[in-house]
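Please read these points with the model open beside you. They go from single residues to the whole chain.

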Amino acid sequence: DALKVNTSLTTLRISENVLVCRAAEMLADALRVNRTLVELEATGNVFFNQGAIALADALKTNTCLARIYLARNNISMGGAIAFADVLKVNTTLTALSIGSCLMAPGAEALASALKVNTALVELGLNSCRVGAEGCAAIADALKINTTLAVLEITNNNIGPGGAAALAGGLKVNTTLTRLNMRLNDVGIEGETAIAEALKTNVSLVKLGLDVHPEGGRAFVDALKVNRTLVSLEISPHYGVPLPLELNYEIDGLLADPARAAFAAGEADTKPALEIPLAKRSKDE
């Protein structure tokens, strides 16, 4: 009830409190009238679909909240679809994280929303069982969307097919600056596809993924052409690290001063609000 009359609070952090769906419904009621809250961090509770749907419905009329973090709330497809519907009409939400949910077809609904949404900058979908088909839908949305700058899609079993689809999206997209796609078992085929996309992509600044030693050479070749990537967070595939000489080559190419200059320019011109590491880890 306090949120309904409060005129100064801008950030509310209620994570890890085992709050149930009724609490989410009460928050939703407050958000319908509150005009000051900008960020809501409520990860690690038990809102379930019922709570998520209530919060999503409130965001259809709320014009103030810009960032909402709901990872690990036992949200499934219904909740994901509810937020997809919100993204089609809400013009103030810039960051949404619903990681660690059982999304399945919900990813396709979110992808459809991204094709028309013009406000969202960050989307956190870590550990959501997106799968290859869901990833392909999101990749298609990246070909159209012109505002999303940060996409977290780790641990989603997208496989080689999902990685290939993302690569296709990266060849067209000109606004995504940060992509984290680790723990997806994309294989050498998927790694190579992403590396090839880097040869034509002109916006990506930070990329995280797992790479086989055999796939490392493709990234060396890509970085000789690409001039925008400044951070390549490569994790060893199943504990098998890249050969030292490949690591040295990659580090040397990334140290190009021209890349740092580009990154500095991106920081000045793009409204990318990177998901804080604390929130990101809760998605994984």
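**Notes on the predicted model**

1. Met-77 is partly exposed, at a relative accessible area of 35%. Here buried means under 20% relative accessible area, exposed over 50%, and partly exposed in between (1.4 Å probe, protein chains only). Met-77 belongs to helix α4, residues 77-87. Helices (H or I, at least four residues) and strands (E, at least two) are DSSP runs, numbered from the N terminus. Beyond its neighbours within four places in sequence, Met-77 is in contact with Leu-102, Met-103, Pro-105 and Gly-106. Contact means heavy atoms within 4.5 Å.

2. A word on the basis. This is a predicted model, in which local features need pLDDT of at least 70, side-chain atom pairs count only at pLDDT 80 or more, and totals for chains, interfaces and linings use all residues. Residues are numbered from 1 along each chain as its sequence is written, and side-chain values use heavy atoms, with hydrogens and water left out.

3. Confidence comes next. The mean pLDDT of the protein is 91, and 93% of its residues reach 70 or more. pLDDT is the predictor's confidence in each residue, from 0 to 100. Residues 269-284 need care: pLDDT stays under 50 there. The model still has 49 contacts beyond four places in sequence for residues 269-284.

4. Which residues of α4 are buried? They are Gly-79, Ala-80, Ala-82, Phe-83, Ala-84, Val-86 and Leu-87. Their cover includes α3, β3 (67-69), β4 (95-97) and α5 (106-114). An α-helix has 3.6 residues a turn, so residues three or four places apart point the same way.

5. Ala-137 sits in helix α6, residues 131-142. Ala-137 counts as buried because its relative accessibility is 18%. Setting aside neighbours within four places in sequence, Ala-137 is in contact with Glu-108 and Ala-111. The C-alpha atoms of Ala-137 and Glu-108 are separated by 5.6 Å, with the two residues 29 apart along the chain.

6. Ala-218 is the other. It lies in helix α9, residues 213-223. Ala-218 has 16% relative accessibility, so Ala-218 counts as buried. Ala-218 and Ala-193 are 9.0 Å apart, C-alpha to C-alpha, and 25 residues apart in sequence.

7. Backbone angles deserve a look. Most residues other than glycine have a negative phi, and most peptide bonds are trans. Phe-48 has a positive phi near 55° and is not a glycine. Phe-48 is found in helix α3 and is partly exposed, with a relative accessible area of 42%. Asn-157, also not a glycine, has a positive phi of about 50°. Asn-157 is in the loop between β6 (150-152) and α7 (159-172). Is Asn-157 buried or exposed? Asn-157 is exposed, with a relative accessible area of 62%.

8. Val-172 lies in helix α7. Val-172 is partly exposed, at a relative accessible area of 45%. Val-172 and Leu-27 are 39 Å apart, C-alpha to C-alpha, and 145 residues apart in sequence.

9. Last, the whole chain. The protein has twelve helices and nine strands. Its radius of gyration is 19 Å, which agrees with the value near 19 Å for a compact globule of 284 residues. That radius is taken over C-alpha atoms, and the globule rule is 2.2 Å times the number of residues to the power 0.38. The C-alpha trace spans about 60 × 35 × 30 Å along its principal axes. Of the 284 residues, 54% count as buried. Among contacts with a separation of 6 or more, 86% join residues 24 or more positions apart.
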